[in-house]
Amino acid sequence: MPRTALRICPLCEATCGLTLTIEGAAVTGARGDREDVFSNGFICPKGAAFGALDSDPDRLRTPLVRRDGRLQEATWEEAFDAIAAAVPALVREYGPQAVGLVLGNPNVHTMAGALYPPLLLKALGTRNLFTASTLDQMPKHVSSGLLFGDPFAIPVPDLDRTDFLLLLGANPVESNGSLCTAPDFPGRLKALRARGGTLVVVDPRRTRTAKLADRHLAPRPGSDALLLAALAHTLIEEKLAAPGALEEHTEGIGELAAALGSFTPEAVAPACDLTAAEIRTLARELAAAPTAAVYARIGSCTVEYGTLASWLVDVLNILTGNLDRPGGALFPLSATAPGSRPPGPGKGFALGRWVSRVSGHPEAKGELPTAALAEEIETPGDGQIRVLLAIAANPVLSAPDGDRLDRALTGLDFMVSVDPYLNETSRHAHVVLPPPPPSQSAHFDFAFNGFAVRNQARYSPAAVPLGEGSMDECEIHARLILAVSGLHGSADPAGVDELAIQSALAKETAAAHSPLHGQDPARLAGLLAGGSGPERRLDLMLRLGPYGDRFGLAVAGPVAEPLAAPSAESVAGNAADSAVESPADLSVAPAAPSAPGLSLERLLEHPHGIDLGPLEPRLPGVLKTRSGRIELLPDPIAAELPGLRAALADRPAGLVLVGRRHLRSNNSWLHNVPALTGGSNRCTLQVHPQDADRLGLTDGGRARITADGGSLDVPVEITDTLRAGVVSLPHGWGHDRAGVRLSVAAAAPGVNVNQLLDGTRLDPLSGTAVLNGFPVVLAPLP
């Protein structure tokens with residue numbers, strides 16, 4: 001008989017609740033969980049395809065070990081034996097800096113990816129960390145670190161209460177949102193307009209999000225920082241700035257006028273291809289709105305001045321008094337966030353604490369640019385990367401100049417991939433460790449709850465038992481840590497979790513401000529619930545978090561606030577047109593349970609989640625700057641402004657390229673699911689009719705596109721949904737390399753847009769690759 005099980009969807013940042021239909025060990029259907037406290041039944045095509053992804057016949061079911069030059073099936077013991085024999089010996093010979101660690105996007109969608117990479121990095125002792133962040137959102141981490149002292153203190157728009165939303169370089173109708181976790185983002189945008197609010201979208205393409213807007217502005221790609229600077233200038237010049245209560249928490253407001261003095265609307269307008277009147281009108285509307293939020297994403301991050309654009313977003317939220325204000329941009333409070341500390345100055349945030357070996361790229365948030373990975377492998381000398389661990393990462397497709405990296409990977413002494421597929425990157429590994437399908441893994445969103453538009457907590461135990469020969473993903477990570485540490489075979493992998501628990505409790509009980517100060521860590525560890533190490537760690541983080549029960553020892557204070565009852569401002573409006581299934585009623589979130597504090601046991605008692613209420617103001621407690629205040633004009637930002645001023649005269653005469661996202665895609669890792677391919681989810685070069693006529697291109701014909709890194713031959717799609725002078729090619733394609741086992745993706749491989757880049761175009765402050773707004777040359781092919 002079929003049965004049902006609940007599961008939080010791990011396929012994008014919306015984190016919708018699913019109800020799975022299961023027959024035997026197979027997931028045969030997925031629909032939205034109408035009782036989920038956050039998503040209320042919303043589901044998109046990716047969630048509906050959960051079963052197809054789960055049962056993909058191309059998924060690896062057993063480890064692979066390279067023998068005689070070929071990857072062959074092996075036992076788990078053989079796989080970890082091979083790692084334990086190779087990695088520690090190479091570290092002893094060449095030192096820890098001979099090891100690189102690459103973390104891909106799917107890591108933040110799994111419990112294992114959140115819990116174990118920090119322990120792995122510590123065990124390796126290397127500074128060579130490369131992640132998807134420097135191909136995506138690192139500018140926002142850097143700007144938040146400089147402003148607030150914490151790179152994870154990222155305010156999100158209060159979508160359900162704002163009166164005015166200015167959205168730049170984001171297409172949440174198709175991406176489902178990013179650094180803003182919001183199930184049914186389209187429905188929330190419709191609800192904004194239905195209650196009389198205003199939506200303004202700034203994007204060179206007329207995306208599905210732009211079609212929902214009251215007004216759509218289509219500037220030149222890459223000019224976001226200039227536009228935002230002109231908006232801030234106008235607020236100051238016209239005396240529209242009104243930071244209000246924020247002023248007492250902020251330093252540098254007075255210096256901002258001089259710093260932005262050059263960026264008048266009249267000076268900026270030609271570089272943006274907008275009019276000065278449009279810019280001034282937008283600034284005045286932003287200032288006049290009862291509440292407002294400015295939100296920008298990947299289109300504003302993956303450009304030359306991505307960090308300045310990210311900084312200016314929050315400058316606008318501050319100048320208008322909308323930061324940390326209901327209806328503005330607020331800091332979420334995740335259930336597993338570190339417990340409160342006394343307000344006051346912190347350690348601050350520093351850039352460039354070390355630099356990369358070859359090109360001297362400064363680190364940001366402990367990471368080096370992924371665009372520099374190939375040169376770090378190729379270039380001989382002390383510290384050359386000889387060992388690479390890639391966890392849920394496919395940088396051959398996601399990083400610039402994949403061909404160069406593809407060649408570099410063949411020269412490694414040893415490589416390990418933790419990946420369910422033999423893809424363009426993992427095909428080079430000496431050992432491949434495949435995690436089980438998502439239905440066989442427990443799930444809690446450690447990362448995305450920190451960006452959620454409503455505070456809540458939800459946990460999904462594994463819906464299906466582990467298959468024969470499979471290993472739990474958390475155990476894979478724990479065993480990998482032991483293997484690279486030289487402890488394989490002599491230590492229990494469960495000890496990795498217990499050591500993490502002991503370390504966290506020792507730190508907590510030693511902290512003078514903690515309600516658990518002076519308690520016995522061993523006794524507290526004995527009180528933890530959970531049937532596995534990861535569950536015990538989750539229980540600990542919930543108990544120590546801002547809503548936690550603190551083991552019953554703390555009943556008052558900021559770290560033990562009672563659970564908030566839901567307010568009437570919960571999501572309203574119609575579900576998105578893109579939804580496969582939509583909730584019948586999104587008017588009011590379910591009531592919060594009445595127990596005094598969070599723990600794993602409480603989450604298990606409430607399988608549809610626990611609503612923790614709307615976002616609330618958190619200043620000054622969120623600040624960790626050395627001054628204890630918002631540092632509005634930090635030195636690294638001020639030092640970059642002259643470069644932005646120079647960009648006022650930079651008006652490329654030719655074509656520039658931008659990427660695009662499709663609702664049924666998520667980078668390169670969903671292209672092997674038949675239900676998510678075809679239709680408009682195609683790898684085509686979109687060209688405006690005027691440019692097509694000028695260049696002699698035809699719809700359905702082919703063209704050659706050339707940029708810094710080389711040329712690609714692509715099919716042409718003529719459309720007026722993007723502005724003239726701009727072409728668009730999606731990210732994540734290029735599944736045509738030998739040795740890849742992705743049969744569906746290989747049938748329609750597309751081309752790798754990042755091959756157009758040579759990796760030299762980087763945002764200087766964050767090291768993020770410039771993936772949008774770079775110049776290209778286009779010519780027709782016969």
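Colleague: How many of the residues of helix 15 are buried?
Modeller: This is a predicted model, in which local features need pLDDT of at least 70 and side-chain atom pairs count only at pLDDT 80 or more, while totals for chains, interfaces and linings use all residues. Residues are numbered from 1 along each chain as its sequence is written, and side-chain values use heavy atoms, leaving out hydrogens and water. Helices (H or I, at least four residues) and strands (E, at least two) are DSSP runs numbered from the N terminus; buried means under 20% relative accessible area, exposed over 50% and partly exposed in between, with a 1.4 Å probe and protein chains only. Helix 15 is mostly covered, and the number of its 14 residues that are buried is 14.

Colleague: What span should helix 15 have?
Modeller: The expected span is 1.5 Å times one less than the number of residues. Helix 15 covers residues 306–319, and its end C-alpha atoms are 20 Å apart.

Colleague: Which residue with a positive phi follows helix 15?
Modeller: The phi in question is near 75°. The residue that follows helix 15 with this positive angle is Gly 321.

Colleague: Is Arg 602 buried or exposed?
Modeller: Arg 602 belongs to helix 23, residues 600–605. Its relative accessibility is 6%, so Arg 602 counts as buried.

Colleague: Which residue has its backbone oxygen 3.2 Å from a polar atom of the Arg 602 side chain?
Modeller: A polar contact is a pair of N or O atoms within 3.5 Å; within protein, one must be able to donate a hydrogen and the other to accept it, and residues adjacent in sequence count only if both atoms are side-chain atoms. For the side chain of Arg 602, the backbone oxygen at 3.2 Å belongs to Gly 597.

Colleague: What distance separates the C-alpha atoms of Arg 602 and Ile 83?
Modeller: Along the chain, Arg 602 and Ile 83 are 519 residues apart.

Colleague: Which residues does Arg 297 touch?
Modeller: Arg 297 occupies the loop between strand 13 (293–296) and helix 14 (298–301), and counts as buried because its relative accessible area is 3%. Contact means heavy atoms within 4.5 Å. Not counting residues up to four places away in sequence, Arg 297 touches Asp 136, Gln 137, Leu 168, Gly 169, Ala 170, Ser 178 and Leu 179.

Colleague: What relative accessibility does Ala 350 have?
Modeller: Ala 350 lies in the loop between strand 14 (329–330) and helix 16 (373–378). Ala 350 counts as partly exposed because its relative accessibility is 39%.
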